[in-house]
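Colleague: I'm new to reading protein models. Could you walk me through this one, a feature at a time?

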Amino acid sequence: MHDRLLCPESYTSAFLFSITSGVIDAIHFRVQFEEVERRTHMSILNLKNILVADAITCGGVFAIGLFAAAPVGALLGLPANIVAIGGWICLAAALLMIVAARQAVPNPALVKLIAIGNLGWVAASFAVVATFAAQMTGLGIAVVVAQAFGVLGFAILEWKDAGAPRSLVV
């Protein structure tokens, strides 16, 4: 075989084609592998950014519930204890989000738990509006409904990215 490689006149078109196609296939595979690797890395980075953004918003709600429950409650037409309870719930959620975001590859089960928790928050938000609508201000209803849709957006993104392939991590 070694002698054949040293004698170019012995190359057949089939032999040359097999070498060329092997090289092309190897290059094509490498390009595809790098593309999958890049998409996977971007998906993980995207999920981490979503989790951090969600945790930051939860931290803000916690701060409001802890330091400004009465004035915010009055502005929205809600009892201060509802605002405070919402803040404490958000603290627990934010801690889970930070744990997931700090993992090299966020645990899909944890991220799905966070997304389900967000769906629970959305349902609770509409329950708050249904329960307290008569005493809520127009601003209060608008704020609670708007933040519910924002949290729904986080839930959808987290659930979608929790299911993304994680086998090829850079």
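This is a predicted model: local features need pLDDT of at least 70, side-chain atom pairs count only at pLDDT 80 or more; totals for chains, interfaces and linings use all residues.

Colleague: What caps the N-terminal end of helix 5?

Modeller: Asn 107 does, with a side-chain oxygen 2.7 Å from the backbone nitrogen of Ala 109.

Colleague: Which residues of helix 5 are buried?

Modeller: Buried means under 20% relative accessible area, with a 1.4 Å probe and protein chains only. An α-helix has 3.6 residues a turn, so residues three or four places apart point the same way. In helix 5 the buried ones include Leu 110, Val 111, Ile 114, Asn 118, Trp 121 and Val 122. Val 111 counts as buried because its relative accessibility is 0%.

Colleague: What does Val 111 touch?

Modeller: Contact means heavy atoms within 4.5 Å. Leaving out residues up to four places away in sequence, Val 111 touches Leu 47, Leu 51, Ala 100, Pro 106, Glu 158 and Ala 162.

Colleague: Which residues touch the most other members of the largest nonpolar core?

Modeller: Such a core is a set of buried Ala, Val, Leu, Ile, Met, Phe, Trp, Tyr and Cys residues joined through side-chain atoms within 4.5 Å. Of 17 residues here, Leu 51, Cys 58, Met 97, Ala 100, Val 111 and Ile 114 touch the most other members. Helix 2 (13–67), helix 4 (80–102), helix 5 and helix 6 (138–162) each give two or more residues to this core.

Colleague: Is Asp 54 buried or exposed?

Modeller: Asp 54, in helix 2, counts as buried because its relative accessibility is 1%. Its side chain joins that of Asn 118 in a polar contact of 2.8 Å (a pair of N or O atoms within 3.5 Å; within protein, one must be able to donate a hydrogen and the other to accept it, and residues adjacent in sequence count only if both atoms are side-chain atoms).

Notes: Residues are numbered from 1 along each chain as its sequence is written. Side-chain values use heavy atoms; hydrogens and water are left out. Buried means under 20% relative accessible area, exposed over 50%, partly exposed in between (1.4 Å probe, protein chains only). Helices (H or I, at least four residues) and strands (E, at least two) are DSSP runs, numbered from the N terminus.
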